[in-house]
Amino acid sequence: MERFLAGNRRFVQGEFANNREYYYKVSLEQHPTLLWIGCSDSRVSPSIITDSRPGEIFVHRNIANIVAFNDGNLLAVLEYAIKHLKIPDIIVCGHYGCGGIQALDAGIEDPFITNWLLISQGALNTVNKTVGLSPIERHRRLVEENIRLQLKHLSLISIVRNARQDNGMPHLHGWVYDLDNGEISAVESMS
Ligand code: CO
């Protein structure tokens, strides 16, 4: 634990102290322009991989960046992001090398994770129709299909669908992050 508290002291004395005006401004209110729905994976930290600062990204993360219709946590995040923050863009960001997606493909014993990953079953069905893929290609395709599926789920959630019908916003984007080179690529978008 000490390592992280020491890190916070460095943050306070460095970044925070050097940008007092910025941190004062964001302490008054937040105006993030992006809602990030991503994987809980410790290697896919939205602010770091997009080189952005506190105040810029509103975040929801879970295993395998899943958009579930009955997820009260996500629905509250969406309601707040759309109704109050009026965020114009929502990103569903998956990543290659995702343990959740590997578990979806391999099948696992853990009951809660298995139950959660059922929401991505449609992506697995799609990929299973494609033959001749190498294991790496299959994994990458499954990661991408899962992003497309979750983006579709997102577009069907009433808060999102109604807002898009009424004001053409939020725009929905599917991104994938590559652990090997740090790059984000677009997979799909619904403007
Ligand atoms: Co992951």
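A pocket, as the word is used here, is an open set of points on a 1 Å grid over the protein atoms alone, with protein on both sides within 12 Å along at least five of seven lines, while a cavity is a set of points where a 1.4 Å probe fits but cannot get out; lining residues have an atom within 4 Å of a point. The views below come from a predicted model, in which local features need pLDDT of at least 70 and side-chain atom pairs count only at pLDDT 80 or more, whereas totals for chains, interfaces and linings use all residues. Residues are numbered from 1 along each chain as its sequence is written, and side-chain values use heavy atoms, with hydrogens and water left out.

**View 1. The largest pocket and its lining.**
Let us begin with the open space just defined. Ser47, Ile48, Asp51, Ser52, Arg53 and Pro54 line the largest pocket. The space inside is about 160 Å³, where a volume is the space filled by probe spheres set on grid points joined across faces, edges and corners. The lining is made of 2 nonpolar, 2 polar and 2 charged residues. In this sorting, Ala, Val, Leu, Ile, Met, Phe, Trp, Tyr, Cys and Pro count as nonpolar, Asp, Glu, Lys and Arg as charged, and the others, Gly among them, as polar.

Take a look at Asp51, one of the lining residues of the largest pocket. Asp51 belongs to the loop between helix H3 (46-49) and strand S2 (57-62); helices (H or I, at least four residues) and strands (E, at least two) are DSSP runs, numbered from the N terminus. Its phi is near 50°, a positive value in a residue other than glycine. Ala64, in the loop between S2 and helix H4 (72-84), has a positive phi of about 70° although it is not a glycine. Are these residues buried or exposed? Asp51 is exposed, with a relative accessible area of 73%, whereas Ala64 is buried at 0% relative accessibility. Buried means under 20% relative accessible area, exposed over 50%, and partly exposed in between (1.4 Å probe, protein chains only).

His95 and Cys98 are both buried.

**View 2. Strands side by side.**
Strand S1 (residues 34-39) runs parallel to S3, joined to it by 5 bridges, and Leu34 stands opposite Asp89 in S3. Two strands pair if DSSP finds at least two bridges between them. S3 (residues 89-95) also pairs with S4 in the parallel sense, over 7 bridges, and here Asp89 faces His171 in S4. S3 is mostly covered, with 6 of its 7 residues buried. In S4 (residues 171-177), 5 of the 7 residues are buried, so this strand is largely enclosed by the rest of the structure.

Follow the chain onward from S4. S4 and strand S5 (residues 184-190) run antiparallel, with 6 bridges between them. Leu172 stands opposite Met190 in S5, and Tyr177 has Ile184 as its bridge partner. The two strands form a hairpin with 6 residues between them, and Gly182 in the turn has a positive phi of about 80°. Asp178 sits in the loop between S4 and S5 and is buried, with a relative accessible area of 10%. Leaving aside neighbours within four places in sequence, Asp178 is in contact (heavy atoms within 4.5 Å) with Tyr96, Arg140 and Glu183.

**View 3. Around helix H9.**
Ile157 lies in the loop between helix H8 (135-156) and H9, and is buried at 4% relative accessibility. Its C-alpha atom is 6.8 Å from that of Phe69, although the two residues are 88 apart along the chain. Beyond its neighbours within four places in sequence, Ile157 is in contact with Val67, Phe69, Leu75 and Leu78. Arg164 lies in H9 (residues 158-167); its contacts, again leaving aside neighbours within four places in sequence, include Pro170 and Met190. Pro170 is in the loop between H9 and S4, and the peptide bond from Met169 to Pro170 is cis, with omega near 0°.
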